[in-house]
Amino acid sequence: MGRGKRVRKNNYCKKRPQHWKKANNEDDDKRGQDFIASTVNAGNFKMEAYYAAQGLHHESFASEGERKTNTTFEEWNEERLKWRKCLGEGLPASFRFCQCNQVISNAMKEEMHQQLKQFLKQAKEWKPPVAEDASAEPKDGADDDKTKTRASGRKYAPIVYEPLEDKDLQLTDIPFCPHGYQMAVDRVLIRKHPALKPLHQWLVERTECGHVTRQETVSMIPPIVLLNHQQQSTTTDSTPTKGDVILDMCAAPGSKTSQLLEGLASNVTEVDATNSNTGLLVANDVNPSRAHMLTHQLKRILHHFPVALVTAAPAQTFPSSTGPGGRLFDKILADVPCSGDGTSRKNIHVWKTWSLVGAHALHKLQLDIAWKGVATLLKTGGYMCYSTCSLNPVEDEAVVSELLRKSEGNLELVDIAHLLGDFKTRPGISTWKVMSEPGSRREMRNRDNKRNAKMQQRRKEYEENQAAKDDSKSDEAAPAEEENKSELPSSEPAESQNADGDVEMADEPMVGNEVEEDVKRSTGQIFEPTSMDDDYLMNLATESAGLAYFKTMSDVPPELTGRIRPSVFPPSPEEATKFHLQRCIRVLAHDNNTGGFFVALLKKVGPIGAQDRRDVKRERLAKEAAEAGEEAGGEEWADEPDAKRARIDEGVAATDADEEEEISPDDNGDASGGGNPGERGKRNPKFDLAFVPLSDDLLDPLIKYYGLGGPGFRKDVFMARAGSENKTICYIAPAIKDLFDHKMDIQKRVNVIATGLKAFVRNSTLRDGEITHRLAQEAAHFLVPFMSDKRKFSVSLTDFEVCLGIVSAAPGSEAATATPQEEEKEEGTESAEKKGKSKNSNPMNMMKIDRFSPEFAARARALEEGGFIVVLEGFEERHDEKMVLVMWRCRGDHVNTLVAAVELESFRSKLLVLKKGLNDDGKAGSQGLL
């Protein structure tokens with residue numbers, strides 16, 4: 001038998017440690033604060049000159065917090081240095097407690113706040129370990145006190161952490177976000193400093209539970225603005241209108257999206273079992289991988305409020321009429337992709353590689369996304385929040401100006417600065433200077449390569465070697481020198497012949513003074529102006545920094561018209577008076593010790609696109625039909641031209657015909673009916689599998705076994721992924737299910753990544769074979785209201801704690817009165833059972849029923865093998881607080897808790913607060929967890 005074709009494989013496993021060693025052998029400060037500060041101190045002449053010319057430093061905040069104009073150069077320069085110094089400091093860590101009372105109660109928030117202060121107190125009392133006697137000589141093969149040995153065998157000097165000062169342990173309340181906090185240290189120090197290790201571990205655990213969201217301070221602004229826009233003063237709660245349909249067009253990684261979902265949930269005082277009229281959130285991102293990451297971020301809130309739909313589609317082509325019943329969105333968040341120069345405090349790469357090319361390249365995409373939102377997706381009377389983490393007016397006010405210009409008066413800016421309380425913000429600007437690098441991208445890339453530090457070092461080494469060879473070698477070694485010279489970058493201009501045979505000189509590499517002059521236009525040159533005069537600053541930006549200034553579009557050369565568009569220029573004085581761009585807000589890093597940010601809130605006061613005209617027509621017909629006592633419908637396309645209406649009707653007819661067919665997996669297991677967003681009915685294998693309804697043969701036995709039914713129960717909300725062989729049955733919120741049932745099924749127009757909660761999971765351990773699925777913890781609290789007492793019963797607080805592993809046995813149980821010999825035997829059995837447990841399994845694993853109270857034991861022993869649910873006494877009608885556990889009646893005399901370890905920790909935290917508010921009789925108080 002032949003050996004077959006041998007394929008050579010690169011051993012990346014061996015190469016990866018080499019890169020790791022190289023990175024870790026560098027100075028430790030390179031990945032720390034010292035490296036950031038040194039990089040910023042080295043300067044970025046072009047970026048600093050550009051923003052100085054834009055007037056970034058013309059205003060400052062006085063000590064009283066009032067904004068003032070800098071009239072002298074000393075004041076102007078002091079403001080500039082404050083901004084520059086702040087960029088060289090690490091970004092302070094910030095986080096917030098979940099705003100949804102169904103996830104954590106107000107009592108829990110207060111308890112967590114006390115725990116937070118206790119951790120900071122412990123950090124203040126921390127002392128570094130006492131060093132060993134320095135005079136003692138290290139043993140053979142051992143490290144001395146000043147060096148450590150890495151896995152690679154190389155020695156390095158470990159970082160010695162000093163005790164933290166009081167200013168490092170300050171905890172500041174974020175003015176506009178209730179239970180939002182900003183620390184004085186950055187996230188790197190929290191992760192690495194020994195004194196803050198307990199705090200870091202606590203934050204990680206609480207984040208996994210969904211109680212805490214680690215989020216930048218400025219990142220919290222857009223959801224607050226979008227949800228609180230109707231308030232006339234600063235409020236402590238996000239209060240969207242009940243039943244709002246919200247779209248997040250560029251949602252990943254998901255911190256703002258989770259904040260929006262919490263705002264929807266906090267508006268609902270009590271989530272009923274049917275989730276009716278609770279609103280809806282559509283979270284979209286163009287990248288499916290990032291959309292999956294977004295799903296993980298939302299899972300912590302979805303367990304209590306599963307009205308979010310995660311999709312993957314280009315925001316600028318997101319299909320319209322995707323809201324429930326074909327309606328448009330009430331609110332839209334457009335946190336568009338940007339150059340991100342406001343994030344340089346946490347991403348120093350932005351400072352090092354800053355360029356205006358990226359801002360101009362992103363301007364069209366930002367404008368397309370924002371215009372799609374306000375013109376096609378937003379209903380008349382709705383609001384859209386536009387935000388970026390950039391301070392460049394090309395990405396900020398220029399986009400907003402063009403939106404207002406194109407809307408012809410049907411959009412207006414809303415004043416939002418008062419919503420942020422004492423948080424310092426600056427108004428938007430109405431005039432700015434349009435500049436850009438003069439060359440093409442290829443020329444800029446070649447110029448960057450020539451001034452690359454590695455290339456300059458190689459050139460320097462080569463020239464030194466050449467000089468040494470010239471001094472030591474004779475003329476006979478000249479051929480060898482020529483050979484070596486051809487292998488390395490040459491400092492001499494190369495010759496070539498053109499078509500006529502004439503000798504031409506190639507572009508000379510940039511060496512010596514030319515390189516030094518070019519470096520001035522990037523990093524490595526400190527910007528030190530001597531005047532605040534506008535002409536002087538413009539001269540620095542154009543002459544010294546090498547930027548080209550264009551006053552109007554006619555000044556743009558033909559080779560740059562593809563990069564610089566007419567929409568990037570500032571509005572005329574007449575337009576500026578109507579646009580009110582000062583209603584936008586800008587956040588500078590040094591004003592609040594945060595990152596840079598830009599936010600604008602737009603209200604749609606009149607119809608803009610064809611969809612608006614259809615909605616107006618539909619509302620008018622509905623009103624007329626209601627007055628006439630008839631049912632509205634039918635003429636939703638009446639305002640469209642005949643030709644366009646015919647095409648739309650054909651598309652709708654095709655969609656309806658597709659829905660009449662039974663949905664089942666095709667040969668490839670894909671029944672999503674995907675395709676491009678505008679090509680409904682065409683399959684796209686790249687789309688994730690769609691959610692499809694389940695057969696009665698599968699659902700009816702489950703409904704009968706678990707006793708599901710009653711008023712409000714809907715069997716159609718249980719769906720599964722096509723091609724998944726029904727391994728997981730999901731509970732889909734009725735609002736999203738109605739969205740799927742609409743004739744413009746969103747699953748046929750975009751890639752639906754995730755929605756709903758796990759309700760049932762396939763289980764083949766049942767011996768009778770009556771059912772094939774067991775209950776899942778995620779959606780248990782939505783099934784409890786419709787379950788009979790057949791496989792559900794209430795338990796006392798002590799039994800609930802036994803299920804969670806908080807106590808080993810309930811008082812009065814058989815195990816509580818067991819002899820020492822019996823307890824020792826039982827502990828040995830449980831130790832063996834703990835072996836091989838999974839990461840997300842209950843650490844208690846199987847528990848003997850004799851650990852529970854006699855009442856619990858009698859109910860559990862009466863059950864046949866299979867899943868059942870226990871509800872904490874006092875919470876039978878308070879399903880939104882999710883004090884329910886999915887259990888498993890095992891073979892023999894055992895039960896098991898089918899809850900993930902992360903959620904177990906959440907239950908323990910809730911019970912800790914609950915027990916502090918117990919009544920004298922030991923039952924939950926009237927306020928419970930709320």
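**Entry 1: cavities**

I began with the word cavity: on a 1 Å grid over the protein atoms alone, it is a set of points where a 1.4 Å probe fits but cannot get out, and its lining residues have an atom within 4 Å of a point. I noted that this is a predicted model, where local features need pLDDT of at least 70, side-chain atom pairs count only at pLDDT 80 or more, and totals for chains, interfaces and linings use all residues. Residues are numbered from 1 along each chain as its sequence is written, and side-chain values use heavy atoms, with hydrogens and water left out.

I looked up the second largest cavity and found a lining of Met47, Tyr51, Trp83, Leu87, Asp341, Gly342, Ser344, Leu391, Ala589 and Gly596. Two or more of these residues come from each of α3 (45–53) and α4 (73–87); helices here are DSSP runs of H or I with at least four residues, strands are runs of E with at least two, and both are numbered from the N terminus. I sorted the lining into six nonpolar residues, three polar and one charged. For that sorting, Ala, Val, Leu, Ile, Met, Phe, Trp, Tyr, Cys and Pro are nonpolar, Asp, Glu, Lys and Arg are charged, and the others, Gly among them, are polar.

**Entry 2: alanine 754**

Next I went to strand β25 (residues 751–755), where alanine 754 sits. Is alanine 754 buried or exposed? Alanine 754 counts as buried because its relative accessible area is 17% (buried is under 20%, exposed over 50%, partly exposed in between, with a 1.4 Å probe and protein chains only). Beyond neighbours within four places in sequence, alanine 754 is in contact with Thr295, Ala308, Leu309, Val310 and Arg721 (contact means heavy atoms within 4.5 Å). I also checked alanine 283: 471 residues separate it from alanine 754 along the chain, yet their C-alpha atoms are 9.9 Å apart.

**Entry 3: salt bridges**

How many salt bridges are there? I got 36, taking a side-chain nitrogen of Lys or Arg within 4 Å of a carboxyl oxygen of Asp or Glu.

I then looked at lysine 299 and glutamate 778, whose side chains form a salt bridge at 3.7 Å, N to O. This pair links distant parts of the chain, 479 residues apart: lysine 299 is in helix α10 (residues 288–302), and glutamate 778 is in the loop between β27 (773–775) and α25 (780–783). Lysine 299 is partly exposed at 26%, while glutamate 778 is buried at 15%.

Last, I noted a network of salt bridges that links Arg714, Asp716, Lys737, Asp738 and Asp741.

Key:
On a 1 Å grid over the protein atoms alone, a cavity is a set of points where a 1.4 Å probe fits but cannot get out, and a pocket is an open set with protein on both sides within 12 Å along at least five of seven lines; lining residues have an atom within 4 Å of a point.
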